[in-house]
Amino acid sequence: MVTVNPSEANHAEAGPTEADSPMEQWTWPPRYDETYRPPEGQTHWFPRRETMPAEQRDELIAARIREVMAYAWDNAPFYRRKWDEAGIHPSSVRTLADFEKVPVVRKEELRADQAANEPFGSYLCVPPDQVKHINGTSGTTGRPTAFGIAERDWRSVANAHARVMWAMGIRPSDTVLVASPLSLYWGSWGAYTGAERLGARVFPFGAGTPGQSARTVRWIRQMGVSVFYGTPSYALRLAEVAEDEGIDPASLGLRAMFFSGEPGASIPTIRARITGLFQAEVYDSGSMAEVAPWMHLGAAANEPGVLCWQDLVYTEVCDPAGHRRVPYGAEGTPVYTTLERTSQPMIRLLSNDVTRWEAPSAERGRTYPFLPRGIYGRLDDMFTVRGENVQPSAIDDIVMAAPGYGGEHRIVISRETAMDTLVVQVEYDPRHPEAALPDWAAHISDRLRTVLGVGARVVPVRQHTFDRTEFKARRVIDNRELLRRISAEPLPGSAR
């Protein structure tokens, strides 16, 4: 039996000193100084990591990816089996270009692996008794996926989110209202633990119960909340409830609002409505539930768009077919690799989201790639009408910009004959003259045709026709699949 002197063990765990490290607190496995917080006037949490030349950081990221892959190879049969089949070993990945040859992981693979290896799948890299937190998907579209989070990962998530929130201007003097469900949903807990690590006062109010929104308005005023976290849809709902209560949303005193969970905070019209209503700074963030810290796509300025914080989660914007990086300036789907997760690392996880990226620029204050419109759609949300591919967010952007917009709309796609029909039902403000509604609808229809390249019939409906949401908006109704199913059903009494 080998005896280790405790002081030597501590020294081994500590690794290189800060002076020796190319970036602040950059170790594998990740380890953060929990007492650290930047001076109040400092713009960056980690100045060196956030402003160094992107090429230099990329070299360090390539080395970290090899470490993460070697760790997964040794501890996760899921990855070893997958890479063996592809003829890839971690040692063969010397550059980020080599890394593009590593096969992507799809969400359905994770679900299938968990079904065969309950409860956390064979991609769990720590003993099950080290899992101290469980989050997961809702399972509304199939088998729910469980996220098993070791305590080391929980602290890494807290430190990463605190760092991005610091870039948003959130400080220990703020009171942060977490206004999304405190449930399996990762976003709520990431915002909570990040704000706590940053030293701010955290108010985990949640959302989703009847009457909650009216209480939220009252509590924001009572507690002097300065920062709001939730979805863009819920922020708009909150403003509507405040106005129903005779309260100007701008009088609530919110200084900053940061969002995730759905497109909106980087979509011009939705963003403009939020800033106009609350008179607050707006910050976008968020990626996907399987990838925490989800705020690795996060804004660092009061403007549309998010940075890819590459030293937290390495992000590639890829061609959806071949999963190779597209050039800067091009559109593609993000592929994510966690650089700090030890319990369930995600290595080239395919998002199926849609975005466009731009090259790193020191002029933005941080040398990370930039997504100027954030995540603005999903490949599986996109629908095709008469040969044109349409993202719902493009319709949202046009409809919500219309003067007299009443607060909600629905997108209905149907096929009663050989041709698809696109109908957009739009609530109108009751102050809008009803006699002018035909012209109002025609104007929105013309804008939709110009931008989408396909005609859409706009149907004005009274305000409050549609239910409001306290979480993510679901505005698309595709009746074509319903019609196909109905058509395939045998008539009563007919032979099967």
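**Close-up 1. Asp-311 and Arg-163 form a buried pair.** At 0% relative accessibility, Asp-311 counts as buried, where buried means under 20% relative accessible area, exposed over 50% and partly exposed in between (1.4 Å probe, protein chains only). Arg-163 is buried too, at 1%. The model shown is predicted: local features need pLDDT of at least 70, side-chain atom pairs count only at pLDDT 80 or more, and totals for chains, interfaces and linings use all residues. Residues are numbered from 1 along each chain as its sequence is written, and side-chain values use heavy atoms, with hydrogens and water left out. The two side chains meet in a salt bridge (2.9 Å, N to O). Here a salt bridge is a side-chain nitrogen of Lys or Arg within 4 Å of a carboxyl oxygen of Asp or Glu. The pair links distant parts of the chain, 148 residues apart. Asp-311 sits in the loop between strand 9 (306-308) and strand 10 (313-318), and Arg-163 in helix 7 (residues 151-167). Helices (H or I, at least four residues) and strands (E, at least two) are DSSP runs, numbered from the N terminus.

**Close-up 2. Glu-340 meets Arg-49 in a salt bridge.** The N to O distance is 4.0 Å. Glu-340 lies in the loop between strand 11 (331-338) and strand 12 (349-350), and Arg-49 in helix 2 (residues 47-51), so the pair ties together parts 291 residues apart in sequence. Both residues are buried. Which residues join these two in a network of salt bridges? Glu-50, Arg-163, Asp-311 and Arg-366 are linked with them.

**Close-up 3. Arg-255 pairs with Asp-174.** Their salt bridge spans 2.6 Å, N to O. Arg-255 lies in the loop between helix 10 and strand 6 (256-259), while Asp-174 lies in the loop between helix 7 and strand 3 (175-178), 81 residues away. Arg-255 is partly exposed, at 33%. Asp-174 is buried, at 6%. The count for the model comes to 20 salt bridges.

**Close-up 4. The second largest pocket holds about 500 Å³ of space.** A pocket is an open set of points on a 1 Å grid over the protein atoms alone, where a 1.4 Å probe fits, with protein on both sides within 12 Å along at least five of seven lines. Lining residues have an atom within 4 Å of a point. There are 26 of them, and Glu-240, Arg-273, Gly-406, Gly-407 and Gln-463 lie nearest the centre. Helix 10 gives the largest share, seven residues.

Note on methods. Grid points are joined across faces, edges and corners, and a volume is the space filled by probe spheres set on the points.
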